[in-house]
Amino acid sequence: MSPWIQEKLEVRVVMPQSMLVSSLNFHEFEVLYGDRKEIVNLQNKTCTCGEFVINQFPCAHAIAACRDQNISYYVFCSKYYTCEALVTSYVESIYPAHHHKKVPDEICNRVVLPQQHFVMRMEEGNIGADRRLWHVVEDADFVMSWYWIPMKMKNLGECFLFVCRADFWRMAFCWSICLVLSYLKLLFQILFVPESKRYPRCPPAATTACVRPVCIITGATSGLGAAAAYALSKEGFYIVLVGRSSKLLLKTMREIKDKNEHAHLKAFQVDVSSFQSILKFKVDLERWFLDSNMHSSVQLLINNAGILATSPRLTAEGYDEMMGTNYIGPFCLTKLLLPLLENSPVPSRIVNITSFTHRSVLNMQVNEDIVSGKSFLRSKHYPFGRIYEYSKLCLLLFSYELHRKLGLLDESRHVSTIAVDPGAVNTNIMREVPSFVSQMALTVLKLLGLLQSPENGVNSILDAALAPAETSGVYFFGGKGRIINSSALSYNATLAQQLWSVSSNLFSPSQLAAVNQSEG
């Protein structure tokens, strides 16, 4: 590499030391630095900060991602930053390669930028016979400033293409209507059904066998998951944080400890969209119970992990990643941990975090291709809005069906199931949406008074987690222990039974394959 690029990279390698990196998939990484968050794609050599594309060498966020993956960041520098490329590009235009005269130091010491980035002017020179001397602009910052214009145009172009998609308008109008409809249902209950039931919060039960109840929270490294972990740690739960990034898990544990030094915390790195990762988590959890001399049981499971992916991605089993993370994973995790929930000496509970967006689904067919998301992957344009709605409706149907099945097995309802809709919350769920579009959406929701912070949005989750033991099969929304009815389709028992059957069929062969892979 040229001395110039090495000097630039030496300046940039300092900042990544304080950055936190979490893997989104094989090529994409989320990089946190203070309050800022960027997405790095090493395959495409891009970063949402824009500098990677403009400069054609890794920005600080990309360097952090490279270090996290033990990859040399030099390989992502443009070939034009090599000494060989500089000689080939510029020396030949001043003197022939085998010219007998030495290249002047004035030319050798000039700062030279990549071909696609530098700005030149031509002047008549006296070197050779009517040869032209190329004067390279030395002010690199001046040159780069010109390239912010096409970069901004590219971002605007991406935003334009995004808003032209049908799923954008589905999000903008259908989801907004569904959110307003949920609040209207809540307002109707307050005004015209004053005797509507509100569930009080009860402290977690404890026995000599289970002194400190165990609460497992998926997606616990940010947003609602992190807020719920902190709040429930103050209620006396032993919090088990589940997330994909070990660094973010440690960061979340430190933050909770800073605010609650008496918190009891344990972290497990788990990819909820992967069957093998879920199976490994169950084994590790049971081993931890045994090693810690704790009762082998779980008192509270909160299925909070969820994503809104704007491009198609597959899980290791070949399923759509959004369906895998938002529904199939929670379904499998719940079934695997159900024996531990039933083994609890005190009443236990499953809380599934769903969304008002499920109301946008007016009709639904259930088959393996739809539940696994494979049917959506065949679409010309990835219907991310519809898939997100379907995944949340599936989770709701699963919640009600599990409530019915547990009620048939145990009339005392030792294990209860509750669905929660936290409403519109300012989290990083829209990190894959173009930043201009997501910021505009959040601003509109804030102006309408519909946007909540994670600290406020978590109230509905806490209401469900701490509701009386006999509470089950209800839909919490709006905080203050209040419930409303979900969509009519979500109460379709026949549809829920079909979904349960299809989901179980997906889980069984994948479970066996994951076991064989882990044993192999």
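Helix 11 (residues 275-291) and helix 12 (residues 321-342) pack with their axes within 10 Å and cross at roughly 25°. Helices here (H or I, at least four residues) and strands (E, at least two) are DSSP runs, numbered from the N terminus, and axes are lines fitted to C-alpha atoms, for helices over the stretch in contact, with angles running from 0 to 180 degrees between N-to-C directions. Helix 11 and helix 12 are therefore roughly parallel to each other; angles under 35 degrees count as roughly parallel, over 145 as roughly antiparallel, 65 to 115 as roughly perpendicular and the rest as oblique. The crossing of this pair is right-handed, a label given when the near helix is turned clockwise from the far one by less than a right angle, with anticlockwise giving left-handed.

All of this comes from a predicted model, in which local features need pLDDT of at least 70, side-chain atom pairs count only at pLDDT 80 or more, and totals for chains, interfaces and linings use all residues. Residues are numbered from 1 along each chain as its sequence is written, and side-chain values use heavy atoms, with hydrogens and water left out.

Contact means heavy atoms within 4.5 Å. On the helix 11 side, Phe275, Ile278, Leu279, Phe281, Lys282, Leu285, Glu286 and Phe289 meet Ile328, Gly329, Cys332, Leu333, Leu336, Leu337 and Leu340 of helix 12. The residues of this contact divide into 12 nonpolar, one polar and two charged, where Ala, Val, Leu, Ile, Met, Phe, Trp, Tyr, Cys and Pro count as nonpolar, Asp, Glu, Lys and Arg as charged, and the others, Gly among them, as polar.

Helix 12 also packs against helix 15, at an angle of about 20° and with the axes 8 Å apart. Helix 12 and helix 15 are therefore roughly parallel to each other, and their crossing is right-handed. From helix 12 the contact draws on Met322, Met323, Asn326, Tyr327, Pro330, Phe331, Thr334, Leu338 and Glu342, and from helix 15 on Phe384, Ile387, Tyr388, Ser391, Cys394, Leu395, Phe398, Leu402 and Leu406. These residues of helix 12 and helix 15 comprise 14 nonpolar, three polar and one charged.

Helix 15 (residues 384-409) has a further partner in helix 8 (residues 166-192), and here the axes come within 7 Å and cross at roughly 50°. Helix 8 and helix 15 are therefore oblique to each other. Asp167, Phe168, Arg170, Met171 and Trp175 in helix 8 touch Phe384, Gly385, Arg386, Tyr388 and Glu389 in helix 15. The contact of helix 8 with helix 15 holds five nonpolar residues, one polar and four charged.

Turning to the whole protein, there are 19 helices and 15 strands. Buried residues (under 20% relative accessible area, with exposed over 50% and partly exposed in between, using a 1.4 Å probe and protein chains only) make up 51% of the 520 residues. Among contacts with a separation of 6 or more, 74% join residues 24 or more positions apart.

What about the cysteines? A search of the whole structure finds zero disulfides, a disulfide being a pair of cysteine sulfur atoms within 2.5 Å. For Cys174, the closest cysteine sulfur, in Cys178, is 6.5 Å away, too far for a bond. Cys174 is partly exposed, at a relative accessible area of 33%, whereas Cys215 is buried at 0% relative accessibility.

Finally, Ser438 lies in helix 16 (residues 435-447) and counts as buried at 8% relative accessibility. Leaving aside residues up to four places away in sequence, Ser438 touches Met430 and Val433.
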